[in-house]
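Student: Please take a close look at one part of this assembly, the interface between two of its chains.

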Protein chains: 4
Amino acid sequence: MSLQTAGIYNFTCPVRIPQKEGGVQDTVAAISLIARMPQDQIESCVDVMTKLLTQYLPDIHTGNFPALLSQVREQLKAEEARVSMRFSYFIAKTAPVSGTSSLMEYQCAFSASSEDTGEPLLTIVAPVTTLCPCSREISSFGAHNQRATITLSIQPLRLIWLEDLIAMAESCGSSEVYALLKRPDEKYVTEQAYAHPMFVEDVARKVAQQAMAHTDIGWFSVGVESFESIHNHSAYAFVDSKDLKKTTA
Amino acid sequence: MSLQTAGIYNFTCPVRIPQKEGGVQDTVAAISLIARMPQDQIESCVDVMTKLLTQYLPDIHTGNFPALLSQVREQLKAEEARVSMRFSYFIAKTAPVSGTSSLMEYQCAFSASSEDTGEPLLTIVAPVTTLCPCSREISSFGAHNQRATITLSIQPLRLIWLEDLIAMAESCGSSEVYALLKRPDEKYVTEQAYAHPMFVEDVARKVAQQAMAHTDIGWFSVGVESFESIHNHSAYAFVDSKDLKKTTA
Amino acid sequence: MSLQTAGIYNFTCPVRIPQKEGGVQDTVAAISLIARMPQDQIESCVDVMTKLLTQYLPDIHTGNFPALLSQVREQLKAEEARVSMRFSYFIAKTAPVSGTSSLMEYQCAFSASSEDTGEPLLTIVAPVTTLCPCSREISSFGAHNQRATITLSIQPLRLIWLEDLIAMAESCGSSEVYALLKRPDEKYVTEQAYAHPMFVEDVARKVAQQAMAHTDIGWFSVGVESFESIHNHSAYAFVDSKDLKKTTA
Amino acid sequence: MSLQTAGIYNFTCPVRIPQKEGGVQDTVAAISLIARMPQDQIESCVDVMTKLLTQYLPDIHTGNFPALLSQVREQLKAEEARVSMRFSYFIAKTAPVSGTSSLMEYQCAFSASSEDTGEPLLTIVAPVTTLCPCSREISSFGAHNQRATITLSIQPLRLIWLEDLIAMAESCGSSEVYALLKRPDEKYVTEQAYAHPMFVEDVARKVAQQAMAHTDIGWFSVGVESFESIHNHSAYAFVDSKDLKKTTA
């Protein structure tokens, strides 16, 4: 048993995330850093990792993941090092009719391994509305709907902005979710949801189709969880591109 | 500074809750036990409390709260002792049209002080559907709706069953929530919600009116949180019977 | 894209877990049930799954996982169905010196796939004390120590009781954790921890060695997270038996 | 029943917190905004509040709480409006021997009511080490210790910096907690903790004494929760300055 994985979890710190529109966004991240290494190197790993992370603060970003991981490998004689960084990311979003702008928060993550040569994995969590097709079909009026979350993880083949990945996922629900809506906007999203009934499986499939069609996305997985308004439990759907390839082969 | 409060938090254990229909229900509780006492008694309090709780297991229930609190007071020379017990409680609920029965889970709590002479405080958390009156009014079809939770805490003047308190709260949303619905049930709850649009404030007010009218309820508070299907944040309303009395006086 | 996974998450219900000492233990579980199936079967899956789960309540246990999964597969024409069940499990534990008995809570889980023929996977989370070897070595007196959790998942080749798996994990820290200790017990566990300093990596390795040596355990993984008493973040170590085989080959 | 409380919960957004050393710190906050108002004003409150919050972003700070609350009151004809803002705050902390600097994260909160005229309430959560006096006394070597959190809420009579309040709380445990320690630092904090054994009650009392002696602190409460390294539950102590005044009177 000569190799083992060890590291630090939930190291909370300020970080700066590059924005599509230019500049960086200041936010707060929880970082995990782990390494697979020979047993005799392991004892000092928490100290070494904390020290390295501290040196990079507050400028830890995907651009210096390779340098960070390389230093971890070298100082710990590790076979492989991996970093992941979860953070809140904010995007100014425009209401569909009034054009009012408001900030939406999205949970995002970057993760990378010292064995990767390309872009780090991206994960985004986007809230959407789902409106139940069955409820709409059988009811004389109305249809139950609710907030759902789309968790999309991808391997980018070239740089993909968080903004674009989030917009892609948000377009796949019954309707989008906003921080601030005026009355004409509320009318719009209500009617939009009613006109586009979707089960969680439909949402997962639509996101998967868009990810398959995207030339810059390699592997991906998409999970959709709907906090059912008429039930006390969640409905869930999941697609992994590895299974899709198996099936279509 | 001769008095201080100390105790234990989140002591997880199996408990038995008496049911309205007879018998007891086995479930799992997180218990907190604290005492206000002179400083020189305080050092052994964690041990004394853990030992006393262990003696009562798994038969801790509201009936032996007075004995437990009295032993805590005596052994620790405490001025006051307080216990609270949070647990999952299950009720078989009948679907509105098909009559299908399914189990619903409710978060509940009992809490008591050695200074109380009557029944312990009850807290129940009941999920309901809320359907937005504004969205319904301005939209040509549909209306956004979502799961909301009603948190109702009361001081019973006489024994009140959890089952009755939960049923009272559940009747105050746009529609009730179920574990299992057949298609005619789903049609019913969808139309029921559309026919009874309510803001969180309407739900809080309706629960408060029923609690005010209940002859066995003394003090109460009600909070309603709605996980908005078109927004990323919650809407919240709260009523405390103390404020109501102030206003109506 | 003809296959997709869908199902229900966090269906909370009472369950009965068979105990090593005989009889069953009543507790509360969160169940997830998912299936991989053709797209045209998917729309009714939440209803079918909720209905099936409801039929088995409150007698869902590993013994009827195969029947449940087989019914899910048949009714949904699914390729594969998977169930997992997370619950609190209680074991009466004897203090090391005084012999006082008290109940300890452990988070446990069973999970199974319709493709498995053997025992379901078991997961247990056991709290232990870890005492830092470095801190002990460099300090004139004392050594920092803290609560850590061992998360052990295994594929049993034959029936393994939760009680035995938990006892195995608990024996691998600097000292065990108890609900109730008298003074001679507290002296014992304090000295025991000081005499057995261990990093999280040491704990993970010790659990892995015991799991490797156990003739009834196939695949396993072990994660150890230590809530460092001198830091604000966790130390973490992880071993997967698949990596061990790779290395020792 | 003419008055009711309503508002929004968990509105997540970027904020800028003024620092003692000058400048501001960019971080992420969860904001709650509620108002007590006549029932006929209530229906639009979520929209009005979201719109007002959006106007202030990202410059919501305690300095404009009065203006925000005054606008909420005016637009909703509310009797009272209250805001609270929870956020991660980072402070560069110097290791006790090596002088190495590292960033520590602290959960903090500001809250204010339109009825207040002075400074907003401050809450800080500071991690410390507690080392058990009983364990140390009865054991031949070592003593169990663990991470504990001090939650201190105060009414400042004049401006008090978060930095100073956190430093005051951190000085009251068996030892302080750091993000990064070199070996001589680890020796120091280990011996420091062993030399200053404290129960949670001792920590709560020490914080309370310092808060009582502080001329710029009015009301305060302090809660200390210790994640016991030898137990599976927490020890807890609490002091409210209102009770202290009662006792000392």
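Tutor: What follows describes the interface of chain B and chain A. This is a predicted model, in which local features need pLDDT of at least 70, side-chain atom pairs count only at pLDDT 80 or more, and totals for chains, interfaces and linings use all residues. Residues are numbered from 1 along each chain as its sequence is written, chains are lettered from A and ligands numbered from 1 in the order in which they are written, and side-chain values use heavy atoms, with hydrogens and water left out.

Contact (heavy atoms within 4.5 Å) links 38 residues of chain B with 38 residues of chain A. The buried area is about 3300 Å², with 51% from carbon and sulfur atoms; this is the accessible area (1.4 Å probe) that two parts lose on being put together, summed over both. Of the area that chain B buries against chain A, B:Arg147, B:Ile230 and B:Asn232 supply 20%, more than any other three residues.

There are 2 salt bridges between chain B and chain A (a side-chain nitrogen of Lys or Arg within 4 Å of a carboxyl oxygen of Asp or Glu). One of the pairs in a salt bridge is B:Glu137 with A:Arg183, whose closest N and O atoms are 4.0 Å apart.
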